[in-house]
Amino acid sequence: MDRQTASATFPSTAPAVADARRFVRKVLADWGMDEVADDAVLATSELATNAIAYAGTSFEVACRLHDGAVEIEVRDRHPTRGIEMPGVTASSGRGLPSISRLAASWGVSYDRRSKGVWFRLPGPGAAEGAASPDTVAAETAETAEAARTAEIAGNGSARGDHPVRDRGPRDGAEPAREGAGAAVQGRFAGGAGEIPVAGDRLLRSPAAVEAMEDGVAAVREVLGAEGAAVLLTERDGRLIMGSSAGTAAEMPLGELSVGSLAPAARAGSAWVAADASDPTAAALRARSLAAAPLESQGRLTGLIVAVSSASGRFGEADGVRLGRLADEMSLSLEKARVGELERSWRGWLSFVAEASDLLAGTLDQERTMALVAQLVVPRLATWCAVYTVTEAEPDRLAYVWHADENRADGLRELLEHAGAAPPTDVPGPWNGFAAAPAEFRVAAGDTSGDQVYAFPLIARGRRIGTIAIGRPSGDRFPRSAIELAEELSRRAALAVDNARLFSAQTAMSSALQRSLLPPGIPEIPGLEVAVVYEPAGEGSEVGGDFYDVFESGLRPGSPALASRWRFAIGDVCGTGPEAAAVTGLARHALRILAAEDMSVPAVLTRLNRLILGEGERGRLLTLLHGEIAARRRSDGVTIRLTSAGHPPPLILDPDGGVREAASPQPLLGVFDGVEFHTDAVDLRRGEVLLCVTDGVTERRAGNRLLGDGHGLERLLAGCTGLSAGAVAARIQRAVRDFGPEPSNDDVALIVLRAS
């Protein structure tokens, strides 16, 4: 197959992870590699999240198709930061264990400017066909050894970014690359007497159930037994029924545990019981039996038994034959167990990827904390509490969620009186309920006895809160739930911190925006005034549009009524602090210069020089500035105005006619020595003057603009007979409804109506 490549670069933002997943899925769909798309998307998601969380730079995703195999590389711009390995430089891994589980091979490459992690997936059909027993045994041995190594290195945790052997050569491999291959990694507990996996997990595997049913049928056929059964071990040492046939299906299984088995079972040998004195025979209500252990890596995972209602039914030869059948079934069950672990693991990984998408979809701090709690409950725990840390409050209980809503209030009371959240930097059990007063423990009922784990929320090197999760005391947390909660807490910490920073930035921007708008609108005799201002976006940036209406024909401290007023509406190029600086300069300069009785053209000339004097900090400014004077006969007002590069103001006549009210002149901040002039307008009773920014005229819907083809003029003509406030509201609504997407520009307008 010819080599094909595709690549794209993404910014260091949370939504970029979802964009990278969509890119990889589309590329693989175009190449006809849909069968490996799910694994590729999950692995890319982990590496992209890793690049954003740790490198903090933009990253490139490159896809290559060669010889039927897909290779994907995620490269960030932080070459000096190495990849952490468990037991050597890292206390926890992120991303690389997922890659080692999914990929046929993977590795890390460095150059002077970037660092990349690549992985390779075989194409469809490369891994088809059932594995032989020898292959299953080899993979199982490799699994157990990898898990035990990770457990020793990771202080009891079988997670980590451990490099293992590469399964095959990689085309174009560089000598400097650290190769890593993916063994199928089960999560075993590292102790001689512990159980590798609970029996109920095998019961959820169709392949395991089929293997057990075939096994009991074979036992009855080979031994001519009246009944046969497969018993599976649980983590607490109990034996449960996995499958049964014949008379064994009718026999209730009594209390039976690993500790009560015959010594031969614990030694890994088959045995024969001639009477009911054997504990297994007694538990199955059998008079005789033959039994053989099912083992995985030398540890007992279950039994296969043949039973009879007659004493002395089975001999030594039956035990030998049953032992051979047990060996074959052990391999089949181990293969099914590994498959079930992989399926379960992929489900968890998909859950983490979906959770990351949800957490990246909001920048509201309260909503983010609520989302974290609702992601945890009920999938990982019965209840979840989120604490936040601020300078004012060391540990504040911010959100509580319980699977049973009737218990939520009691849980909150218990948590509030249980003392501060654990100030820990590592996950672990928490016994804070013991510190709560007795009356609150009684009110909370059984919840006060729940087992609780706490996970710190650490973002950018500091603890910003804690997540506490709980389950009833009899329902212990499996290791997979603890590890998943730990991973979720890391991602939640970044999401909560991003939301906190965004909230702080929004509050600061809102305060600055309010300071750039007038405190109020004065009453002008004979004139109705209405204003509208809508900043674009979510309020995280200061807009560049502004307006002002103020008295100008009055000296400060004079008791006389004002005889003249000024208004202005402008649009600074850009947004953010730079635009805010020019906005503040323009609005305050307009008031100061007007107070000096400077004419409208003189004010614009001086303001133009001030903006040019700002140098590189200056911004272009379009401005409509005018002076309002009352007419002697109280028949409307006279307005002298100047439009410096601004959308022209429009006048609406009582009969519905619309006309422009000012001639265009140069905008501010471009040329020095510009001479401005005014246009005089007599606004008579019933006439309306509309002044807008380009956020109105350039409101977009596809390829159309609201102002195209005299669109604003037609809109204003439909406002005949309305008050100034009604005209402003209709224009505002028309701007909102014009396009399906929110406007990406600020909107400001002033409506003056002579009354």
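Reader: Which residues touch the most other members of the largest nonpolar core?

Author: This is a predicted model. Its largest nonpolar core has 38 residues. The ones that touch the most other members are Val24, Leu28, Phe59, Val61, Cys63, Ile72 and Phe119.

Reader: Which element gives the largest share of this core?

Author: Several elements each supply at least two residues of the core, including α1, β2 (59–66), β3 (69–76) and α9 (316–360). Another of these is α2 (37–55). With nine residues, the largest share comes from α2.

Reader: What does cysteine 63 touch, leaving out residues up to four places away in sequence?

Author: Cysteine 63 is one of the core residues that touch the most other members. Its contacts, with those sequence neighbours set aside, are Gln4, Thr5, Ala6, Phe23, Val24, Val27, Trp31, Glu71 and Ile72.

Reader: How many residues are in the other core?

Author: Another core lies apart from the largest one. Phe351, Cys384, Leu484 and Ala495 are among its members. Its size is 34 residues.

Reader: Are arginine 64 and glutamate 71 buried or exposed?

Author: Arginine 64 and glutamate 71 form a salt bridge, with their closest N and O atoms 3.3 Å apart. Buried means under 20% relative accessible area. Both arginine 64 and glutamate 71 are buried.

Reader: How many residues apart are arginine 753 and glutamate 528?

Author: The side chains of arginine 753 and glutamate 528 meet in a salt bridge, 3.2 Å from N to O. Arginine 753 is in strand β29 (residues 747–754), and glutamate 528 is in strand β17 (residues 527–534). The pair links distant parts of the chain, 225 residues apart.

Reader: Does glutamate 528 count as buried, partly exposed or exposed, and which is arginine 753?

Author: The cut-off for buried is under 20% relative accessible area, and exposed is over 50%. Arginine 753 has 18% relative accessibility, so arginine 753 is buried. Glutamate 528 has 26%, so glutamate 528 is partly exposed.

Reader: Why is the pair of tyrosine 453 and phenylalanine 455 stacked?

Author: The whole structure has seven aromatic pairs. In this one, the ring centres are 6.4 Å apart. Planes under 30 degrees apart count as stacked. The planes of tyrosine 453 and phenylalanine 455 lie at 25°, so the pair is stacked.

Reader: Which residues make the nonpolar surface patch of about 260 Å²?

Author: Phenylalanine 671 belongs to the patch. Its place is the loop between β24 (664–665) and β25 (679–683). At 52% relative accessibility, phenylalanine 671 counts as exposed. The patch is made by Leu620, Val670 and Phe671.

Terms used. Residues numbered from 1 in each chain as written. Predicted model: local features only at pLDDT ≥ 70, side-chain atom pairs only at ≥ 80, totals over all residues. Heavy atoms only, no water. Patch = residues over 30% accessible without salt bridge, like charges linked within 9 Å, V, L, I, M, F, W, Y side chains within 5 Å. Areas by Shrake-Rupley, 256 points an atom, 1.4 Å probe, with all protein chains shown as cover. Salt bridge = Lys/Arg side-chain N within 4 Å of Asp/Glu carboxyl O. Helix = DSSP H or I, 4+ residues; strand = E, 2+ residues; numbered from the N terminus. Buried < 20%, exposed > 50% of the residue type's maximum accessible area, 1.4 Å probe, protein only. Phe/Tyr/Trp six-rings, centres within 6.5 Å; stacked < 30°, edge-to-face > 60°. Core = buried A, V, L, I, M, F, W, Y, C linked by side-chain atoms within 4.5 Å. Contact = heavy atoms within 4.5 Å.
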